[in-house]
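Me: I'd like to learn how to read a structure feature by feature. Could you walk me through this one?

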Amino acid sequence: MQVTRFEEAQPYEAKRHYKMEALRLQGLEASDVKSFSASLSYFLPGGGAERSASPNEKVYVVLDGQATIITDEGEVDLACMDSCSIGVNEYRAVENRTNDVLTMLVIISSAIES
């Protein structure tokens, strides 16, 4: 078992994100987990993630605040304890359109090879 204490979680830079701070909880540089990573993201008011796609599946769980998730199919607002999944190569953007901090648990799979 590998434990990451919150007070020891390390921040990291997330590409194409703005007005956001992230802490790695598991996977990648935080632990030996190979099939996914788990992070905690804090989006300030007006913060978000630019429209992009990746070869990874993603799960977003809103822990506090409200997230607007925008895909090619439309957009949806997620409130506390709502979640969504983003598929392989699915385009998405994330926006915090409120004046509150958005706190989100982000789980990302390792790249799926075709």
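Me: In which strand is Ser85 found?

Reply: Ser85 is found in strand S7, where strands (E, at least two residues) are DSSP runs numbered from the N terminus. Before going further, note that this is a predicted model, in which local features need pLDDT of at least 70, side-chain atom pairs count only at pLDDT 80 or more, and totals for chains, interfaces and linings use all residues. Residues are numbered from 1 along each chain as its sequence is written, and side-chain values use heavy atoms, with hydrogens and water left out.

Me: Is Ser85 buried or exposed?

Reply: The classes rest on relative accessible area with a 1.4 Å probe and protein chains only: buried is under 20%, exposed is over 50%, and partly exposed is in between. Ser85 has 57% relative accessibility, so it counts as exposed. The C-alpha atom of Ser85 is 4.4 Å from that of Val59, although 26 residues separate the two along the chain.

Me: Which residues lie nearest the centre of the largest pocket?

Reply: They are Ala14, His17, Asn56, Lys58 and Ile108, out of 30 lining residues. S3 supplies the largest share of that lining, seven residues. By class there are 14 nonpolar, eight polar and eight charged residues, where nonpolar covers Ala, Val, Leu, Ile, Met, Phe, Trp, Tyr, Cys and Pro, charged covers Asp, Glu, Lys and Arg, and polar covers the others, Gly among them.

Me: Which residues have the most contacts inside the largest nonpolar core?

Reply: A nonpolar core is a set of buried Ala, Val, Leu, Ile, Met, Phe, Trp, Tyr and Cys residues joined through side-chain atoms within 4.5 Å. The largest has 16 residues, and Tyr60, Ile69, Val94 and Met104 have the most contacts inside it. S9 gives the most to this core, three residues.

Me: Which ring does the charged end of Arg24 sit over?

Reply: A charge sits over a ring if NZ of Lys or CZ of Arg is within 6 Å of the ring centre and within 35 degrees of the ring normal. Arg24 sits over the ring of Tyr12, 3.7 Å from its centre. Likewise, Arg51 lies over the face of Tyr91, 4.1 Å from the ring centre.

Me: What is the phi of Met81?

Reply: Most residues other than glycine have a negative phi. Met81 has a positive phi of about 75° although it is not a glycine. Met81 sits in the loop between strand S6 and strand S7, and is exposed at 58% relative accessible area. Arg16 also has a positive phi, near 60°.

Terms used: On a 1 Å grid over the protein atoms alone, a cavity is a set of points where a 1.4 Å probe fits but cannot get out, and a pocket is an open set with protein on both sides within 12 Å along at least five of seven lines; lining residues have an atom within 4 Å of a point. Helices (H or I, at least four residues) and strands (E, at least two) are DSSP runs, numbered from the N terminus.
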